[in-house]
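Open the model in your viewer and get ready to click along. Each stop below tells you what to select and what you will find.

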There are 2 protein chains.
Amino acid sequence: MSTELVVATYLVFDAKGDFEKKAEKIAIGLTVGSWTDLPQAQKEQMKKHLGRVISVEEVKDGSAQERSAVIRIGYPTLNFSHDIPALLVTVFGKLSMDGKIKLLDLDFPESFINAFSGPKFGIDGVRELLGVYDRPLLMSIFKSCIGQDLQSLEEQFYQQALGGVDMIKDDEILFENPLTPFEKRLEVGLKAAQRAKEQTGQQVLYAINLTGPTTELLDKAINATKQGATALLFNVLAYGYDALQRITEHPEVRIPVMAHPALAGTIYPATHHGIAASLLLGKLMRLAGADFVLFPSPYGSVAMERGDTLAIADTLRKEWKSERGKLKASFPVPSAGIHPGITPLLHEDFGLQSVMNAGGGIHGHPGGASAGGQAFRQAISILQTSSSFEQEYVKHTELKSAIDMWGLVGRK
Amino acid sequence: MSTELVVATYLVFDAKGDFEKKAEKIAIGLTVGSWTDLPQAQKEQMKKHLGRVISVEEVKDGSAQERSAVIRIGYPTLNFSHDIPALLVTVFGKLSMDGKIKLLDLDFPESFINAFSGPKFGIDGVRELLGVYDRPLLMSIFKSCIGQDLQSLEEQFYQQALGGVDMIKDDEILFENPLTPFEKRLEVGLKAAQRAKEQTGQQVLYAINLTGPTTELLDKAINATKQGATALLFNVLAYGYDALQRITEHPEVRIPVMAHPALAGTIYPATHHGIAASLLLGKLMRLAGADFVLFPSPYGSVAMERGDTLAIADTLRKEWKSERGKLKASFPVPSAGIHPGITPLLHEDFGLQSVMNAGGGIHGHPGGASAGGQAFRQAISILQTSSSFEQEYVKHTELKSAIDMWGLVGRK
């Protein structure tokens, strides 16, 4: 058996460091511990566990005061169990605390990916659930959840659904509470979806926030499926990727799962530390089975750098094989501060296979949430069919008043 | 009922921002969503859910190019379930991605802390298990784990235990593997501890690495207790604080739990982002029930700023009340690159109620691991009884050869 490797790519900063030496130290220190002083017989035995320096490339960047290098280390998959906690602790557990270093990417051999089911539905499966194939999807978020009662949430749900959205999601800060407990909330959400469907003929998924003790999450997800739930929202980084994986891979959880990026800002934005967004919110979320992944768009109120958002979307959708077949693709959901005037840029960046997701940009419409949804659907329709958004949008009442209100955002 | 608040302290950077306005935006946006446009009747109803700006203080620091402020926001505990994922998602979920902002601290009302059991043993309970009251504890780490078989680990354990250590911990990168699976490893560890005890008369705890699917961790911890395990090691940040809490609070897990800081370096070191070390590795670990918390010492191979390490230790040990009594204190375990020549500084900084923890500083001793442990015990003994370490250490053979090898580290 040849030694298969997971390859980790790091960006290492060091004013006067010897990057080759640093790479060697990582490759040995995080695998077999020591090497040069081992007896020959033990070297033979330990060789298959030894990390490999794949490459060391100093970054040529005149503007930086500090020197940096991109270092790639191969870790034998033999060394750790094939799950995300073991993977991350191996490649960046102790190392994350060792000076200025950022984890940029991880590349896996097919045999490693084989341990993961990935998204159960993926883009194609979600489209089948909805019967919508030829346009980006549209999602809306409750305007406010905290302190609202069941009746208020049901009415909010209904108004949003009337506007033609494909999905409605809970606010990620809505937890178990006496006013709108999970099961009751699910019940009124499903009822409102049904009521709206009788009007619009359109199926609407409800991504209900899965929260509570870690030990109860899986059962709660299974029970929600039994109760007829149509989707789950999950604060992945608050519970760990592995919790997501155990939920998504379970055969009795037969609904798509949406990953919320809450807390991701503690990890991806720093230059010298943390984990790159495309790995944190892209590759690892897909591996753990998220059917949708939310992240800040480049254009809204809470923004992420455009390059990072494109890298996330690319990672979520590109072909990715394991030995047992392809991993399904996940929907990118660029979010936060989205209104109809941003849709041309979103469409240019993220295309057909994405979800447009708005809260205030739907509820704040002068005609209410239903008109807000319609405005988005009109925008999406123009973007799919016409090359001239500026000429077309004025012909649609709801869209025109949205753009009159929020403006049309152009590329800077 | 008066509204009880969890108070979050943030450091916010903004070149030309209005910090008062930013604080208002956080207080409203992360609780009720909107305020000024609400009808009066609804304001009455929502008031108990509304966040409060507690204080806004601009940081006076001439050296910084950028302006910053310490902002304190109170979040009604009514808004979220009383667990760590809900807490963190509420106070820093979306906000962590909103520009340059770091979460420095969280203060809890007693009623909130009441939902947490905290450490089951704590410093006093662990000391009772060991029968050791009058000195810092000593822990050692396996020299290398990966690729070793059971016999090798048993021998390593035995040699370390002979040197007089109180605890031996797995390497955090040792996962389920065919050579040394969890149950077998536990068996040989316990056997070696017993064998050494027959020689030394000393009880040695074995902190075995608890890993695997999130959904199996609690059962594995319960079964380990039944099998006679004496302690658990846990990569908390890879699985989430809540997973730790559900393990430590379970009545059938009757052994102390040690929190490893793996991955913490993705979160605490950046200036403009993340979560301060004293909260990440201090307060939240104790709340979730860690009896011991490892973190990089200020002096070793992987170092943390001294102020941060002291803040962690302080948070782990200071008096902390809930309505049902006091939360037990956790042992600070400053780690990484520790050798006997560092012990005077460690003792000065962390005192009696701490654990000295070494790997290479024990195994690398010229006389082997057993002599390495003895050298530490000699150092600890001097530090507890004598004011002159430099005069005393030369009288102890093992300690002298350790310090001849690694040197005596003084304060810079």
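Predicted model: local features only at pLDDT ≥ 70, side-chain atom pairs only at ≥ 80, totals over all residues.

Residues are numbered from 1 along each chain as its sequence is written, chains are lettered from A and ligands numbered from 1 in the order in which they are written, and side-chain values use heavy atoms, with hydrogens and water left out.

**Stop 1: two domains.** Select residues 5–113 of chain A for domain 1, then 122–406 for domain 2; such bounds come from an automatic or database domain assignment. Their centres, taken over C-alpha atoms, lie 36 Å apart.

**Stop 2: the boundary.** Here 22 residues of domain 1 of chain A are in contact with 23 of domain 2 (heavy atoms within 4.5 Å). Together the domains bury about 1900 Å², 64% of it on carbon and sulfur atoms; buried area is the accessible area (1.4 Å probe) that two parts lose on being put together, summed over both. Now select A:Ile84, A:Lys102 and A:Ile113, which supply 34% of the area that domain 1 buries against domain 2, more than any other three residues.

**Stop 3: a charged pair.** Show the side chains of A:Lys283 and A:Asp107: they form a salt bridge at 3.4 Å, N to O. The term means a side-chain nitrogen of Lys or Arg within 4 Å of a carboxyl oxygen of Asp or Glu. Between the two domains, the count is two salt bridges.
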